[in-house]
Each structure stands twice: as structure tokens, then as C-alpha cells.
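Here is a short briefing on one helix and on the salt bridges. Please keep the sequence and the structure in view.

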Amino acid sequence: TRAVVMFAHAIPFHPKFLPVWDELKRIVQDNPDVPFLYLQGDLHKFQADTPMEKMDNFLRVVVDKGGNADPMEVIVDPASQGAPFKLRRRPLSVYQDNETS
């Protein structure tokens with residue numbers, strides 16, 4: 001089983017990036033059994049959606065602007081019976097408490 005995770009800053013369907021977005025849509029459509037996660041930085045406010053019509057295998061997650069929110073942990077398990085992507089927004093203190101000196 002496979003899954004695809006992409007990291008980007010740009011809004012994928014901005015007119016400047018439409019050729020890339022169109023190619024990505026083709027790839028997602030040609031692989032309906034492969035889940036895709038697009039992690040985006042631009043917009044700077046948390047949001048999770050499926051912006052590709054009739055393509056439920058594509059999930060976009062917009063992360064908060066750095067410094068405005070705690071880190072987000074992404075767990076990928078393509079063999080999962082449910083959703084292959086699990087997102088955990090965790091307090092920064094969880095990470096700081098686990099640091100070793």
C-alpha cells in the first residue's frame with residue numbers, strides 16, 4: 001500500500017501555479033486508490049479540506065503561521081483501514097518535556 005505526502009507553501013490553485021495544479025489533479029485522478037496529503041503553508045490559518053472535485057483521495061491541510069500555533073504531528077499509515085493520515089496538533093510543551101539534555 002502506498003500514500004503520497006507533499007509539502008508546499010503556495011496555494012495550489014493560484015493562477016501562477018495552475019499548470020502544476022492541473023498535472024497534480026491528473027495524477028490524483030489516475031491513482032484513485034492512493035491517498036494524497038498536501039500540506040500547505042500559505043494562508044496561515046489551519047484548514048483541512050478536499051479541494052479537488054470528486055477526488056476524495058486528496059486531502060489538503062493548511063497549517064497555521066509559524067509561531068501562531070503549536071506544532072502539528074503527521075502520522076502516515078497507508079495500511080490503515082480508516083484514514084491513512086492522522087494529524088495531531090500538540091502543545092509545544094509536549095515536545096519540550098521530551099527533550100534530553
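Which residue forms a salt bridge with arginine 89? Aspartate 64 does, with the closest N and O atoms 2.1 Å apart. A salt bridge here is a side-chain nitrogen of Lys or Arg within 4 Å of a carboxyl oxygen of Asp or Glu.

This is a predicted model, in which local features need pLDDT of at least 70, side-chain atom pairs count only at pLDDT 80 or more, and totals for chains, interfaces and linings use all residues. Residues are numbered from 1 along each chain as its sequence is written, and side-chain values use heavy atoms, without hydrogens and water.

**Helix H1**

- H1 covers residues 18-30, 13 residues in total. Helices (H or I, at least four residues) and strands (E, at least two) are DSSP runs, numbered from the N terminus.
- From first C-alpha to last, H1 reaches 18 Å, close to the 18 Å expected at 1.5 Å a residue. The expected span is 1.5 Å times one less than the number of residues.
- Trp21, Leu24 and Val28 are buried in H1. They lie on the same side of H1 because they cover an arc of only 65° around the axis. The arc is taken from the directions from the helix axis to the C-beta atoms.
- Buried means under 20% relative accessible area, exposed over 50%, and partly exposed in between (1.4 Å probe, protein chains only).
- Exposed Pro19 and Gln29 sit on the face of H1 turned away from its buried side.
- Strands S1 (4-8), S2 (36-40) and S4 (58-62) are among what covers the buried residues of H1.

- Aspartate 30 and arginine 26 form a salt bridge at 2.8 Å, N to O.
- The two are four residues apart in H1, which means about one helical turn between them.
- Aspartate 30 is partly exposed at 48% relative accessibility. Arginine 26 is also partly exposed, at 41%.

**Salt bridges between distant parts**

- The structure holds five salt bridges.
- Aspartate 64 pairs with arginine 89. This pair links distant parts of the chain, 25 residues apart: aspartate 64 is in the loop between S4 and strand S5 (72-76), arginine 89 in strand S6 (residues 85-89).
- Aspartate 64 is partly exposed at 23% relative accessible area, and arginine 89 is partly exposed at 45%.
- Arginine 88 and glutamate 73 meet at 3.8 Å, N to O.

Key: Contact means heavy atoms within 4.5 Å.
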